[in-house]
Amino acid sequence: MLRLSFVLVSGFAALPLCPTSFLAAESTEDGGERHGLDVVGAAKTVTRWVAPPTGTTAKPWSADLAGITDEDARTQAKAIRNLITEGGRHPEVIADLSVLASDRDWRLRARIVQVCAGIGGTTPAPLLLTLSRDREARVRELGVLALGQCSGDDVLARQLELLRAPESTIREAAAKSLVSSGDPRAIEPLTRQDAETDDL
């Protein structure tokens, strides 16, 4: 069971270099491979290197950062709900999630997308824009859908760009995202999708 404290997250984010042992590929249960940083594993190592500062108190969402990395689905769901609530009050939640979003487990990155979509607005938009370019197709699709809950010119530009994506699932997600956004500027580009070969 993975447990992650805020001290671990902030300690890992402050490191200038990442140990190369966290960069190995690993097989997953669904037949694919995980590539990239094992942020959760790295954070556990960091806790052995960095003693927690004395006299400091944990952030209110520290336990939920641990919960979102847990193997138990109910613990994950509770953490997602709590992080959405906290994220609405504290923009710093997004910075902490950005650290976890580098983890090699695509399922964790997908849960981070859920939190960002629940928070909505302008604060999570930069993280979702990054996740809309994720190496895992399922995370990309969820990230594009979640952009519909965000606002900003960069968000609209990315949604319009993805209407022309080569993957039909991404084009469909972009169209749904534009509809969800409620941005009147989306109407004209969407009406031009009559020539779309898929049932968009």
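Me: Which pattern does the protein chain follow, read along the sequence?
Reply: In this predicted model, the order of elements is α-β-β-α-α-α-α-α-α-α-α-α-α.

Me: And how many helices and strands is that?
Reply: The secondary structure of the protein chain amounts to 11 helices and 2 strands.

Me: What is the mean pLDDT of the chain?
Reply: The mean pLDDT is 78, and 67% of the residues reach 70 or more.

Me: Which stretches have pLDDT below 50, and how many contacts do they have beyond near neighbours in sequence?
Reply: One is residues 1–25, which has 57 such contacts in the model. Another is residues 46–52, with 8 contacts of that kind. Where pLDDT is low, the predicted coordinates should not be read in detail.

Me: Changing topic: what share of the residues counts as buried?
Reply: Of the 200 residues in the protein chain, 44% are classed as buried. The accessible surface comes to about 10500 Å², and carbon and sulfur atoms contribute 54% of that surface.

Me: What share of the contacts with a separation of 6 or more comes from residues 24 or more positions apart?
Reply: Such residue pairs account for 65% of those contacts in the protein chain.

Me: On to helix packing. How are helix 8 and helix 10 placed: roughly parallel or roughly antiparallel?
Reply: The axes of helix 8 (residues 137–146) and helix 10 (residues 168–181) come within 7 Å and cross at roughly 20°. Angles under 35 degrees count as roughly parallel, and the two helices are therefore roughly parallel to each other.

Me: Is that crossing left-handed or right-handed?
Reply: The crossing of helix 8 and helix 10 is right-handed.

Me: Which residues meet there?
Reply: Helix 8 contributes Arg 140, Glu 141, Val 144 and Leu 145. On the helix 10 side, their partners are Thr 169, Ile 170, Ala 173, Ala 174, Lys 176 and Ser 177.

Me: One more residue, Ser 62. Where does it lie?
Reply: Ser 62 belongs to helix 3, which spans residues 62–68.

Me: Buried or exposed?
Reply: Ser 62 has a relative accessible area of 9%. Buried means under 20%, so Ser 62 is buried.

Me: What separates the C-alpha atoms of Ser 62 and Leu 83?
Reply: The two C-alpha atoms are separated by 9.5 Å, and Ser 62 and Leu 83 are 21 residues apart along the chain.

Conventions. Residues numbered from 1 in each chain as written. Predicted model: local features only at pLDDT ≥ 70, side-chain atom pairs only at ≥ 80, totals over all residues. Heavy atoms only, no water. Helix = DSSP H or I, 4+ residues; strand = E, 2+ residues; numbered from the N terminus. Buried < 20%, exposed > 50% of the residue type's maximum accessible area, 1.4 Å probe, protein only. Contact = heavy atoms within 4.5 Å. Areas by Shrake-Rupley, 256 points an atom, 1.4 Å probe, with all protein chains shown as cover. pLDDT = per-residue confidence, 0-100. Axes fitted to C-alpha atoms, helices over the stretch in contact; angles between N-to-C directions. Parallel < 35°, antiparallel > 145°, perpendicular 65-115°, else oblique. Left-handed = near helix turned anticlockwise from the far one by under 90°.
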